[in-house]
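Please take a moment with the sequence and the model shown here before reading on. The paragraphs that follow go through pockets, cavities, aromatic rings and a few points of the backbone.

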Amino acid sequence: MGYTDQRFDVNLSILFTELPLLERPAAAAAAGFTAVELWWPWIDTATPDQSELDALKKALDDAGTQLVGLNFYAGQLPGPDRGALSVPGEESDRFRANIEVAADFAASVGCKALNALYGNRVDGVDPQIQDSLALENLVLAARAADRIGAILLIETLNKPESPLYPLVSAPAAIDVVDKVNAATGLGNAKFLLDIYHLSMNGENVSEVIAQYADRTGHVQIADNPGRGAPGTGDLPLEQLLGELKKAGYDGWVGLEYKAADAAASFEWLPAEARAAR
């Protein structure tokens, strides 16, 4: 088993960022990929004008690219924020306003996975208050995802780069997944297993895969150190993806790494293995 056994998609919020958003799907297609994912593209608004949503749909369609993952509104990302749903006040309100907007857009392009970033801890706010707000909002998000036949993803980030984010281990994210599923009865909350973040946290990635592959709804990769393309760091990414496959994971693997030249960064992956199958 190797890279050629996987289904890869390109994260257009971290790769091809030298191009305007609407040109990135075509750039991914030109590099041989037919599947893409996105962070919430409009960091300043949870409710963009319909014309902006329509333009993004057209760019995806025109390029022949399938959107396979989309983040809900997450505040300033990239930037200081790591989500909005557990942040009381305006940010939580924005997240709620975004839920149906993001779900309707996902439905319009056939995207079946919505990622809800938890949000940072806020000085002076009781963590339990944030956690109960988070559960309320995640239940709403899970129901919206279910309405369009999609899954809700809960992601572990890494403590060195996201010191205020509370979900910085696989078990912490799985605990939230379990709480959401218990509250909704829908079973559509899943773990987003990001190999780079787990590695940065010092977790044993093979053990996480063995324990949680069956609860995993999406995978993302970058090498470590450096968060670059496979082969730029020390992680045995091909081996780890093989372990995921053997454990029964057959979903998407998002390429969420940094590269000065995205098109040149895909040399580790044979051209014939890039199109979605």
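How do the residues of the lining of the largest pocket divide into nonpolar, polar and charged? The lining holds six nonpolar, eight polar and six charged residues, where Ala, Val, Leu, Ile, Met, Phe, Trp, Tyr, Cys and Pro count as nonpolar, Asp, Glu, Lys and Arg as charged, and the others, Gly among them, as polar. This is a predicted model, in which local features need pLDDT of at least 70 and side-chain atom pairs count only at pLDDT 80 or more, while totals for chains, interfaces and linings use all residues. Residues are numbered from 1 along each chain as its sequence is written, and side-chain values use heavy atoms, with hydrogens and water left out.

The largest pocket has a volume of about 340 Å³, and of the 20 residues that line this pocket, Trp39, Leu77, Arg82, His197 and Arg227 lie nearest its centre. Pockets and cavities are found on a 1 Å grid over the protein atoms alone: a cavity is a set of points where a 1.4 Å probe fits but cannot get out, a pocket is an open set with protein on both sides within 12 Å along at least five of seven lines, and lining residues have an atom within 4 Å of a point. Grid points are joined across faces, edges and corners, and a volume is the space filled by probe spheres set on the points.

The peptide bond from leucine 77 to proline 78 is cis, with omega near 5°, and proline 78 belongs to the loop between S3 and helix H3 (90-109); helices (H or I, at least four residues) and strands (E, at least two) are DSSP runs, numbered from the N terminus. A cis peptide bond, with omega near 5°, also leads from asparagine 224 to proline 225, and proline 225 is found in the loop between S7 and helix H8 (237-246). Arginine 227 lies in the loop between S7 and H8 and has a positive phi, near 55°, although this residue is other than glycine. With a relative accessible area of 11%, arginine 227 is buried, a term that means under 20% relative accessible area, with exposed over 50% and partly exposed in between (1.4 Å probe, protein chains only).

The largest cavity has a volume of about 60 Å³, and Glu37, Gly69, Leu70, Asn71 and Gln220 are the closest to its centre among the 13 residues that line it. Strand S2 (35-38), strand S3 (66-71), strand S4 (113-115) and strand S7 (216-221) each give two or more residues to this lining, and S3 gives the most, with three residues. The second largest cavity holds about 30 Å³ of space and is lined by Trp39, Trp40, Ile43, Ala74, Gly75 and Leu77, a lining of five nonpolar, one polar and no charged residues.

The aromatic rings come next. A pair of aromatic rings is described by the distance of the centres and the angle of the planes. The structure holds nine aromatic pairs, counted when rings of Phe, Tyr and Trp (its six-membered ring) have their centres within 6.5 Å, with planes under 30 degrees apart taken as stacked, over 60 as edge-to-face and the rest as tilted. One of these is the tilted pair of phenylalanine 16 and phenylalanine 266, at 6.1 Å centre to centre and 45° between the planes. Phenylalanine 16 lies in the loop between strand S1 (7-11) and helix H1 (24-30) and phenylalanine 266 in the segment after strand S8 (252-255), so the pair ties together parts that are 250 residues apart in sequence. Phenylalanine 16 is buried at 4% relative accessibility, and phenylalanine 266 is buried at 0%. Tryptophan 40 and tryptophan 42 form an edge-to-face pair, 5.1 Å centre to centre with 65° between the planes. Ring pairs also link Phe16, Phe33, Tyr257 and Phe266 into a cluster, and phenylalanine 16 has a positive phi of about 65° although it is not a glycine.
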